[in-house]
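Visitor: Before we go through the terms used for this model, could the sequence and the structure be put on display?
Guide: Here they are.
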Amino acid sequence: MKTNGIELEKEILDQLPAIVIAVDKNFNVIYANNAALNFMGSTPEKIIGQHCYNAIRNPQCNTPECCIAQAMADGKVHTIRSEADGGTGNRFLESTAVPLKDEKGEIVGGLEFVLDITQKVLDEKKLNEQGRTIRDMSTPTIKLWDGILVLPVVGVIDTNRAQHMMDSMLNKILASNSRAIIMDIQGVAAVDTAVANHLIKITKATKLMGCECLISGISPGVAKTLTQLGINLGSIKTKATLSDALEEAFSMINLRVVTTEAKQ
Amino acid sequence: MDSSEEYSVSGSVTNRCYIACINGELSSAQMGQLYDEIVRMAEKRELRGVIMDLNGLAVLDSAAFCVLRKISVALALMGLKSAWMGIKPAIASSLVDFGADVDDLCICLNIEDGVRLIGSEK
């Protein structure tokens, strides 16, 4: 291995696992490292002086999305993600382009380096799927009776979750033609102004669908906090326990629970 | 009701309830037409109330919401009850998002529910 000079730099670049390509202002390749040559299945003799879009053939080539073109146009760093078939199944690539400048600072070409981020993309996908699963698990709208739905809420209610709860409830109301929905907030750790606002919004939306929303599971502590914060739940029907709310819901759909005589 | 199609509002009467199906997009001209139609029917058929079926509406902005509200209020002044029906989930959540006042609206689940609602309380 050489110890100094341009040769050393070239050897270092050649051993880099990332693809590195440099082009001049007319998109003629002026440099490609070993990884780039392997990726294109070419040799330096064949590729130097060629147009880069003939050698690589990305979907972004010759379009305004080409990051080298963007970098050369505005002199800034651009990054894009693309999908390419590298022979071993679909690979996800992240290309970063920087403008090449001469000593006067004028742009004379572009340099692009490409990283294989397949593993990262797959991990991100998995994470998104898991997030969706958790979200679905956290907002189970259950049919309790013909015309009565229940949504037990556990944990923290933030804006995102409130929106998801609302969507889930509204769609379920539409699908099941329910006249009452009980939102049980027994498992909600804390109810503050923001959470109360979310609850009010949800009840309004269900009302617009023609379904009355009852809120149950209001503990003494939560009731105290709500009054101390001066939150007016207005016309929303609230109950202490789920069974109270269910009784109310039964009366709304003209049902009544009666005790039958005990069997002898 | 010959001209009702071109205003994308069509209606029928059952149990002294006028059921107005509103389709497409709402303009104030259409709403005026709807209001006139309902008032005309109210005199002729001795209506007790109106069910406004919004199932065919893809979007409902604040202006159209206000117009619909005004119709409900105007009908109430004439002693007619009005019930809204068939609001889609997306419309419901967007109405709530822009803070529409829904407290004194009467909204029903289906026509059966609406007929009962309009017929029952007096």
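Predicted model: local features only at pLDDT ≥ 70, side-chain atom pairs only at ≥ 80, totals over all residues.
Visitor: How many bridges join strand 9 of chain A to strand 10 of chain A?
Guide: Two bridges join strand 9 of chain A to strand 10 (residues 237–238) of chain A, and the two strands run parallel; strands pair if DSSP finds at least two bridges between them, so the two count as paired. One of the facing positions is Leu214(A), whose bridge partner in strand 10 of chain A is Lys237(A). Strands here are DSSP runs of E with at least two residues, helices are runs of H or I with at least four, and both are numbered from the N terminus.

Visitor: What makes Phe250(A) count as buried?
Guide: Buried means under 20% relative accessible area, exposed over 50%, and partly exposed in between, with a 1.4 Å probe and protein chains only; Phe250(A) has 8% relative accessibility and therefore counts as buried. Trp145(A), with a relative accessible area of 46%, is partly exposed.

Visitor: Which residues of helix 10 of chain A are buried?
Guide: In helix 10 (residues 242–252) of chain A, they are Ala245(A), Ala249(A) and Phe250(A). They cover an arc of only 145 degrees around the axis, which puts them on the same side of the helix, the arc being that of the directions from the helix axis to the C-beta atoms.

Visitor: Why is the aromatic pair of Trp145(A) and Phe250(A) called edge-to-face?
Guide: Rings of Phe, Tyr and Trp (its six-membered ring) pair if their centres lie within 6.5 Å, and planes under 30 degrees apart count as stacked, over 60 as edge-to-face and the rest as tilted. Trp145(A) and Phe250(A) are 5.1 Å apart centre to centre with 85 degrees between the planes, so they are an edge-to-face pair. Trp145(A) lies in strand 6 of chain A and Phe250(A) in helix 10 of chain A, so the pair ties together parts that are 105 residues apart in sequence.

Conventions
Residues numbered from 1 in each chain as written. Chains lettered and ligands numbered in written order. Heavy atoms only, no water.
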